[in-house]
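Please examine the sequence and the model shown below.

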Amino acid sequence: DHWPSSLQEFILTARSLVLPREQKSPQSFLPNSRVASIGTVLAQGMNSKKKHEIEALSGIVDAIARSRGAKTVVDVGSGQGYLAQALSFEYQLAVIAIDASSHHASVTNTRAERIKKHYAAKCVEKQQFKVPRTVTCHVLSSDTLAAVTLDACQDDHGEHITETNNCNQSIPQIEQPNHSIPQLVLAGLHACGDLSVNMLRVFVSCEQVQALVSVGCCYNLLSEDTDTCPGFPISKAAKSSKLVLGKSIRDLACQSAERWRNLTKEMALQNFDIHAFRAAFQMVLEKYFPEVSRLSPSIGRQGKALRRQRLRKVMESHLAMGKADDLSYPNCKEQNMNTDGSLPTEPTAPKGAVECCSNELCTGDTYSTSAVVGSSISRVNVGPSDTNLDECCKLTLFKDFTISGLGRLGCGFVEDVNLLEIWKDVQHFTEFIGPFWCLRAALGPLVETYILLDRLLFLQEQGSAVEASLFPLFDPAMSPRNMALVAWKLTGDPLEPSHGNASHA
C-alpha cells in the first residue's frame, strides 16, 4: 500500500495483461485424457520437475493422438528421451525422437533397451514393446524438420526399432503427400528457440501431421528481424503491430516470479548479489578487456545445477532439524565460525551465498558461479571484527566470480586488475540491483504472453481447418515454462475440449 501510485499501476497493469498460468487438470481440457503415473524404472534419472512435466505432457499427447487416429509421435528436441520413452512404454505409441546431439541419441537408446527388458519381464503375455527410434539432426529450418520427419516415417507402420540416423541440411523436402506415411503428432517439451516455431510451420504445411503439442522455451534464442522465416513474429497480427522486442526483452520472457515466492528474504538478497557480481564483472571487462566487452560476451550459467543441489541439501537439513519455516542460509559470520566460536584467519567463502536458489534467474549470459564452490583460490584475509565481514566475504566471492568469468572467456587473469577498487565503486549501488531486477522481471510474463499469443494467432490464422489453444499444463512454481500450445486439424471427428480452461486469442 505504501508504494507510489505509478508503481502500483505498473504492476497491476502488467499483471492484468498476462495469460493465466495457474495449473489446470489435463482432464479439464481434454476429458478423454489420462495421466499415467511414471514408475521408478521409467523415472530413473528424472528429477521431480522433469517427472512432473513428463507425466502431464505424455497424457495430453496420448489423448490427442488417439483422438486423431495417429499412432506415431515425433518428439522434437527429445534430449535424453524421457518423453519419448514414456509415450512408448506407458502408452504404446510409436515414437521418433529427434535431437541434435548424437550423445543424447545414444543415451536414449541404451536407456530404452534397459526399460524394455523391465517391461518385458513384467508382462505375462508375449508382447512386442516399442522403443523410440532416434534420429540425430540439426534442425535449422522447418523444411529440414519436415523432411527428416517424413523420411523417418516412410513405409514404417509397424514396430519401431532402435536406430540412429544422421542427417544434414541436404535432405530434400518431400513435396508430394505419401500415403504410406502414418498420421503423425508433433510433440516438444521445452524445444528451444526457433525449434518450437519450426514445429508450428511443419504442422501447418505437412498433410501427415494431424496434431501438435508444444511447450516452448528459451525465447532469448528466437531469431527476430530476419528476412526469411524469423522465429518472431510469425503471425500476421504480430507483424502488423511493428513491435520489435530484441534479445534483452526476450530474455525477460524466461524470468519466473513464481519460484521467488518460495524464498526467504535472505535467500533472495543473496541471489541479487550474483547480479551485482555480474554487473561489476562487466566493469572489469570494460576497463581491462575493452575489446571483449564490445562483443557482449556470455559467461553462461555453469553453477545452476550446483545451486539446486545446494538448496536441496539445505532444505533437507532444515527439515531434519525441524526448521522447515527457516530455509535461509547461514550468514557470513556463521559460515566462517570455528567450532569454538572464533573466526578463522582465512575463512572459506560462504557456500550458500551464491548457490542458494533453484530459480532460473537469468538466461544464458547473466552470471557464472561455478568458481565459488570448491575454489582453490586463496581467500581474502579478514580479522575478527564484524563490521566489514559481510563486505569482505562478498569481495572474496566477486574475486572468484571474476576469475571464473575471465576463464570462460579465455582472457586469463591480469595481476594488476584492481578488483577492490571496482567493488568499492559498485557496492554503493548494489541495493538498487533487487528493485531494478524486480521491475524488469515484472514484465517477464507479459513478454512471454505476447510471444505465445503470436504463435496461437499464427495457427488460428490458418482458418477453420485448424483448432488451437494455450493451456497451463504444469505447476508454474515447479516448471515456469508451463503453457502448452495444443493444435489439431479438423479433418475428422473434432475433439471436444473444455475451452473454459484454455486460452484463445
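Predicted model: local features only at pLDDT ≥ 70, side-chain atom pairs only at ≥ 80, totals over all residues.

Residues are numbered from 1 along each chain as its sequence is written, and side-chain values use heavy atoms, with hydrogens and water left out.

Helices (H or I, at least four residues) and strands (E, at least two) are DSSP runs, numbered from the N terminus. Helix H4 spans residues 82-89, and because 8 of its 8 residues are buried, it is largely enclosed by the rest of the structure. Buried means under 20% relative accessible area, exposed over 50%, and partly exposed in between (1.4 Å probe, protein chains only). Among the buried residues of H4 are Tyr82, Leu83, Leu87 and Phe89. Their cover includes helix H3 (48-68), helix H5 (102-122) and the strands E1 (72-76), E2 (94-99) and E5 (184-192), where contact means heavy atoms within 4.5 Å.

Strand E3 (residues 133-137) contains Thr136. Thr136 is buried, with a relative accessible area of 7%. Between Thr136 and Asp99 there are 5.2 Å in space, C-alpha to C-alpha, although the two are 37 residues apart in sequence.

Two packed helices are described by the angle and the distance between their axes. The axes of H6 (residues 142-153) and H7 (residues 194-205) cross at roughly 60° and come within 8 Å; axes are lines fitted to C-alpha atoms, for helices over the stretch in contact, and angles run from 0 to 180 degrees between N-to-C directions. On the H6 side, Ser142, Leu145 and Ala146 make the contact, and on the H7 side Asn198, Met199, Arg201 and Val202.
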